[in-house]
Amino acid sequence: MVKATRTVIVRSIKLPRRIFSVFVELEGMYRNMVEQLVLFSIKNNVKSFARLKALKYRETRNLYPHLPSHYVYTACQDASTRAKSFLRLKKLGLAKREYPEVKRVSIWLDDHVWKPNGYTSIRIATHKGWVTIEFEPHKQYWRYVNRGWRLASETKIKLDKRNRQLIIYLTFVKEVEEYKPKGYLPVDVNEDNVTILLDGVAYLFETNMKTLVLGYYYRRKSIQERCDKLYGVRSRIKRKVMRKLKERAKKQDVRRKIASNIVETAYEKQYAIVLEKLGKKPANNMIKKIKDRQLRHRIFQASFRGIQRAIEEKARELGVPLIYVNPKHTSKLCPIHNAPINYDNSSRIGRCSGGGELWHRDVVACWNLYLKALRGDGSIAPSPIGLVPLDGSPVPLGSTATHDPIRVPRPVWARRKSLPQTQFTTILNRMKR
Ligand SMILES: [Zn+2]
């Protein structure tokens with residue numbers, strides 16, 4: 001059994017001033033707790049929630065005797081999550097300050113301080129007692145309710161002070177049985193594309209993630225500089241926030257669509273998805289050249305981690321098994337001759353030093369992921385002859401067709417057609433040229 005989770009955001013109805021002010025007070029106290037706890041964690045290098053709670057529960061509880069005690073627990077959880085991610089960034093040399101700022105706060109609730117109340121309201125425990133909050137359900141919310149997802153015991157709320165509404169982050173959970181795979185679908189994630197190998201045919205989905213991240217980064221930088229000169233820092237902050245949101249939404253959209261496309265293909269075939277086991281180091285070959293450490297980190301997150309995460313999430317929802325293999329040498333060795341492939345000055349096309357044939361780097365990677373999964377031991381010496389997928393159909397390995405991927409441009413996969421249709425469209429496009 002695997003557990004899939006999804007967060008759905010709903011808004012409360014506009015609250016009476018008297019009730020909303022209770023939540024403003026609650027948020028104030030919660031923010032203070034989190035700020036204190038984060039500071040303490042960083043100062044004393046406390047990373048675990050359990051330890052933070054053990055050390056600080058009593059003291060914090062005594063400071064806020066009117067607050068339901070479980071807010072201290074959730075504030076500890078919140079704080080230890082913030083401290084952990086800050087310490088990680090600091091270790092990578094990416095933190096700008098000594099301590100993390102607690103800028104935006106959402107109040108974490110556990111099952112002691114909130115309860116669902118029918119389908120369209122929840123109850124929340126506050127320092128003024130239990131309060132019932134009606135919310136506005138929408139299509140997406142009903143879809144999860146009607147498709148057998150259940151609400152998790154944790155939730156978060158945020159205050160929209162302008163509209164006197166609560167923004168409620170409901171988490172839905174579903175448990176799914178993983179199927180037994182009938183074959184493998186290797187996926188190779190790169191900074192600008194995602195390549196898969198389906199029954200011996202490679203498809204290359206163009207993502208242009210790097211251009212997307214780089215473009216936003218440089219554009220924002222120049223706008224910031226100009227704005228500072230013209231209007232001062234205030235307008236700068238506003239624009240910065242706007243652009244950041246837009247960039248995030250766009251990247252997320254790319255990730256989700258690619259992931260759905262790939263995972264649904266695997267599901268239809270009842271295959272397992274094969275992924276590279278990614279290390280923590282953002283120093284991937286292709287982004288090593290980027291000097292700015294923060295930028296490098298962002299590209300890594302956006303293109304590698306982000307897409308993998310989206311695939312993992314979708315796979316859990318459909319019960320698609322995932323297999324992780326060692327990424328070592330995946331694009332360096334010829335899957336047929338087991339000989340090194342030579343790539344001239346960072347070209348994506350290389351020549352096999354054994355057979356002299358040409359290979360596309362990402363196709364090589366896919367084949368090697370596939371072979372590693374077949375052998376199941378993550379070893380780096382594939383045996384090329386007699387390759388047969390688990391369903392028995394022959395693999396056209398060695399034919400030229402496998403060496404050049406079918407390119408799937410963004411406008412095509414973004415429409416989210418199934419792969420056979422996509423292949424058809426792409427071939428038609430090629431014939432037109
Ligand atoms: Zn070869």
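## Nonpolar cores

A nonpolar core is a set of buried Ala, Val, Leu, Ile, Met, Phe, Trp, Tyr and Cys residues joined through C-beta atoms within 7 Å. A residue counts as buried if 20 or more other C-beta atoms, placed from the backbone, lie within 10 Å of its own. This is a predicted model, in which local features need pLDDT of at least 70 and side-chain atom pairs count only at pLDDT 80 or more, while totals for chains, interfaces and linings use all residues. Residues are numbered from 1 along each chain as its sequence is written.

The largest nonpolar core comprises 50 residues, and V187, I273, V274 and I311 have the most contacts inside it. Among the elements giving two or more residues to this core are β8 (184–189), β11 (272–276), α7 (293–318) and α8 (361–375); helices (H or I, at least four residues) and strands (E, at least two) are DSSP runs, numbered from the N terminus. Helix α8 supplies the largest share, 9 residues. Another core, of 29 residues, lies apart from this one and includes V72, A83, I122 and I124.

## Surroundings of V274

Leaving aside residues up to four places away in sequence, V274 touches Y184, L185, P186, V187, I323, V325, L369, Y370 and A373. Contact here requires C-beta atoms, placed from the backbone, within 7 Å.

## Pairing of β10

Strands β9 and β10 run antiparallel and are joined by 6 bridges; pairing requires that DSSP find at least two bridges between two strands. L197 has A202 in β10 as its bridge partner. The β9–β10 hairpin has 2 residues between the strands, and D199 takes a positive phi near 50° there.

With strand β16 (residues 406–408), β10 pairs in the parallel sense over 3 bridges. The bridge partner of Y203 in β16 is I406.

Definitions and conventions:
Buried ≥ 20, exposed ≤ 12 C-beta atoms within 10 Å, placed from the backbone. Contact = placed C-beta atoms within 7 Å.
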